[in-house]
Amino acid sequence: MAVFIATFLFSLTWQFNQFMMLIQALALFVLDCLDMLPTAKVTWLYIIQVSGLLLVCVLQFFNSMILGSLIISFNISVLIARTIQKILNLESDEHIFKFLKAKFGFGATRDFDANLYLCEEAFGLLPLNTFSRLSSTLLFYVYGFVLFLLTVAAVIVAFRNLSGSNQVQLKAKMEEYTVTLKPDVAYSLVHTVLFGCLALSTMRMKYLWTSHMCVFASFGLCSTEVWKLVLKCLHLYTSQRTQVIKYSVPIITLLYISFKFWPGIMDELSELREFYDPDTVELMNWIKSNTPNTAVFAGSMQLLAGVKLCTGRTLTNHPHYEDKNLRERTKQIYQIYAKRSPGDVYGILRSFGTDYVILEDSICYERRHSRGCRLRDLLDVANGHIMDGLGENEPDLKPSLYPRFCEEIKKNLPSYTMHFTRVFQNKTFHVYKLAKHK
């Protein structure tokens, strides 16, 4: 019951829970195949995962992505999952597969959602300087040592289990030179390897790996079995010597890390800072003071999340990007940064019940990303239009018949003012009220 409650709460409070739980399910599957975990226990864990996800699905108004997720497909079966996807016509996670296909070089894509991920540094490969930074704290060295040792032990234990050898002498001889892998240690070993693969492929997931590295490395430093094996290999084993090393090495490591990093930590703690973004604060105060509580706002996902939190106003879209309908709606709302006519943009916004639209100069004139990865470039390519600036374009892209909406609307031309009236402006944001034509 405790595992079920923990799984349920974890799934309910984190939108990326399915990928984490898939790694857990894969780890359990591997250990079950290698006879390192009881099959009955693994089966119960599969049932707990599926039950928790299905309960979350009900509480999230029957979120279709959960029903068609990889973890459900893996735990129940590929055949049943495909049947469910076919019946419900699920496409909530199709952008993830397009992203993975393009990321690993299996073909380029013009899909707006996939390119939105591809252009973010956080979804790129793990930078190589990560390992040098982890090594400066000794973490990577200790982790590598423990990982190598336990991997060798796991291979030997797995070979012994799969061979079905019952010879007592052979078993005793192997255990003399091998760490006896308990189920929790074996599970953590598979888990950390899968976390490492996930972090190497997607930098955003490195926080899962680095935290697990700390747990895994600390186990190695404080484990009697690990030091017993090392000393036996060096022909230096005694129980007293094992206990001395078990306690002295972690203490020496902590003293070294404290001596090296304590001054920097104290300097950071002594430097007090506070959030300072006067333009955003001014915008939120204006919305609360000058718009009705029932007003509907359109804009970028990140900004609208702040609008909802600070003002409580209704939004046209929000950052829950794992829902297909919300992705389609967000792409339509983002046409305010594309080369579209004022009539087209007005029709799109009004179809979602928009009363106010917020334009951001940081997106309209973006310079953070290079050409081809700016939001306006992704929209141009998705719409079949040539991108702005010097550089190559794909041969089938054509010039747009209209200028960029977010730039042209600021000129107050009649074709724009008949639909949009500017009601707020500062150095960063421009808010326009939509006319309500009969």
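Colleague: Does Trp 262 count as buried or exposed, and at what relative accessibility?

Modeller: Please bear in mind that this is a predicted model. Trp 262 is placed in helix H15 (residues 239–270). The cut-off for an exposed residue is over 50% relative accessible area. Trp 262 therefore counts as exposed, at a relative accessibility of 52%.

Colleague: Which residues form a nonpolar patch on the surface with Trp 262, and what is their accessible area together?

Modeller: Residues three or four places apart in an α-helix point the same way, because there are 3.6 residues a turn. The patch consists of Trp 262, Ile 265, Met 266 and Leu 269. Together they have an accessible area of about 420 Å².

Colleague: How do the rings of Trp 286 and Tyr 356 pair?

Modeller: The structure holds 11 aromatic pairs. For Trp 286 and Tyr 356, the ring centres are 6.4 Å apart and the planes stand at 80 degrees. The cut-off for this class is over 60 degrees, so the pair is edge-to-face.

Colleague: Which elements hold Trp 286 and Tyr 356, and how many residues apart are they?

Modeller: Trp 286 counts as buried at 15% relative accessibility, and Tyr 356 is buried with a relative accessible area of 6%. The pair links distant parts of the chain. Trp 286 belongs to helix H16 (residues 278–290) and Tyr 356 to strand S3 (residues 356–360), and the two are 70 residues apart.

Colleague: Which residues of S3 lie on each side of the strand?

Modeller: In a regular strand the side chains alternate between the two faces of the sheet. S3 is mostly covered, with five of its five residues buried. Both of its faces are covered: one side holds Tyr 356, Ile 358 and Glu 360, and the other holds Val 357 and Leu 359.

Colleague: What is the bridge partner of Tyr 356 in S5?

Modeller: S3 pairs with strand S1 (residues 296–298) in the parallel sense over two bridges, where Tyr 356 is the partner of Phe 297. S3 and strand S5 (residues 429–434) run antiparallel and are joined by five bridges. The partner of Tyr 356 in S5 is Lys 433.

Colleague: What distance separates the end C-alpha atoms of helix H12, and what span should the helix have?

Modeller: H12 has 19 residues (residues 183–201). At 1.5 Å a residue, the helix should span 27 Å. The distance between its end C-alpha atoms agrees, at 27 Å.

Colleague: What separation do the C-alpha atoms of Leu 31 and Ala 186 have?

Modeller: Leu 31 lies in helix H2 (residues 17–33) and is buried, with a relative accessible area of 1%. Ala 186 is one of the buried residues of H12, among them also Val 185 and Leu 189. Leu 31 and Ala 186 are 155 residues apart along the chain, and their C-alpha atoms are separated by 7.4 Å.

Definitions and conventions: Residues are numbered from 1 along each chain as its sequence is written. Side-chain values use heavy atoms; hydrogens and water are left out. Helices (H or I, at least four residues) and strands (E, at least two) are DSSP runs, numbered from the N terminus. The expected span of a helix is 1.5 Å times one less than its number of residues. Buried means under 20% relative accessible area, exposed over 50%, partly exposed in between (1.4 Å probe, protein chains only). Rings of Phe, Tyr and Trp (its six-membered ring) pair if their centres lie within 6.5 Å; planes under 30 degrees apart count as stacked, over 60 as edge-to-face and the rest as tilted. Two strands pair if DSSP finds at least two bridges between them. Patches are made of residues with over 30% relative accessible area and no salt bridge: like charges are joined within 9 Å, nonpolar side chains (Val, Leu, Ile, Met, Phe, Trp, Tyr) within 5 Å. Accessible areas come from the Shrake-Rupley method with a 1.4 Å probe; for residues, only the protein chains shown count as cover. A salt bridge is a side-chain nitrogen of Lys or Arg within 4 Å of a carboxyl oxygen of Asp or Glu.
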